[in-house]
Amino acid sequence: YLFSFTLGKIIICFAAVIISTFFIAFFITLIKIISNSRLSATDEDIVIILGCRVKGTVPTKALYSRCLSASKYLKANTNARVILSGGQGKDEQISEAECMYRILTSLGIDEGRLIKEEKSTSTYENLLYSKDLTQEKRIAIATSEYHIYRAKLIAKELGLLASAIPAKSIPVLRVSYFTREVFGVWYLKIRK
């Protein structure tokens, strides 16, 4: 009886430690994601806009928001050029890069400042293939605010020093986006 009582206590303590560790790690990661979700780009000459789904030829709200944030930076930093990074998915009629090109030119950004990278299918590939298109090691990344921290970690892996041009996500979905991103960051760290 004494053995089973002690074993039960050990199991409960072990479970409490596991659960506590999970929540501590979760909130530490979430704080890092939130603290990196602010504008930090100042005078970088290369901006990389990370692709996001296109519905046929129509950008998602997330992709349009990324382009809008980048266009504000580009208008304030007239020497900066931008790499539009995103390939074409099976259900997309045009590449994400082409969609971004159309958005930015409609917002008044000179097409001579735009470079299309149309092979990538993931954040890692966005940055890897974009790196091949520039000699710059200091870049600004334009993406959804919850996605900045993970993108900066990948950029660092690739030898790039990245600042942020965050795009606001849909307010009602922010909690789920930030929560999901914690697991994205964990996956990135585990796969190393």
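This is a predicted model: local features need pLDDT of at least 70, side-chain atom pairs count only at pLDDT 80 or more; totals for chains, interfaces and linings use all residues.
The protein contains six helices and seven strands, which follow one another from the N terminus in the order α-β-β-β-α-β-α-β-α-β-α-β-α. Along its principal axes the C-alpha trace extends over about 80 × 35 × 30 Å, and among contacts between residues at least 6 apart in sequence, 72% link residues at least 24 apart. The accessible surface amounts to about 10,700 Å², with 62% of this area belonging to carbon and sulfur atoms. The side chains include 27 positive and 17 negative ones, and the centres of these two sets are 9 Å apart.

The largest nonpolar core comprises 26 residues, of which Val47, Ile49, Val82, Leu84, Leu104, Leu114 and Ile165 touch the most other members. Two or more residues each are supplied to this core by strand S1 (46-50), helix H2 (61-76), strand S4 (81-85), helix H3 (96-106) and strand S6 (138-144), and the largest share, six residues, is that of H3. Beyond its neighbours within four places in sequence, Leu84 is in contact with Ile49, Ala97, Met100, Tyr101, Leu104, Leu114, Ile115, Lys116 and Glu117. A second, separate core of 24 residues has Phe26, Ile48, Ile154 and Ala155 among its members.

Lys168 lies in the loop between strand S7 (161-167) and helix H6 (174-191). With a relative accessible area of 61%, Lys168 is classed as exposed, because this value is over 50%. Apart from neighbours within four places in sequence, Lys168 is in contact with Ser65, Glu145 and Arg174; the C-alpha atoms of Lys168 and Glu145, 23 residues apart along the chain, are separated by 5.9 Å.

Technical notes: Residues are numbered from 1 along each chain as its sequence is written. Side-chain values use heavy atoms; hydrogens and water are left out. A nonpolar core is a set of buried Ala, Val, Leu, Ile, Met, Phe, Trp, Tyr and Cys residues joined through side-chain atoms within 4.5 Å. Buried means under 20% relative accessible area, exposed over 50%, partly exposed in between (1.4 Å probe, protein chains only). Helices (H or I, at least four residues) and strands (E, at least two) are DSSP runs, numbered from the N terminus. Contact means heavy atoms within 4.5 Å. Accessible areas come from the Shrake-Rupley method with a 1.4 Å probe; for residues, only the protein chains shown count as cover. Lys and Arg count as positive and Asp and Glu as negative; His and the chain ends are not counted. The place of a charge is taken as NZ of Lys, CZ of Arg, CG of Asp or CD of Glu.
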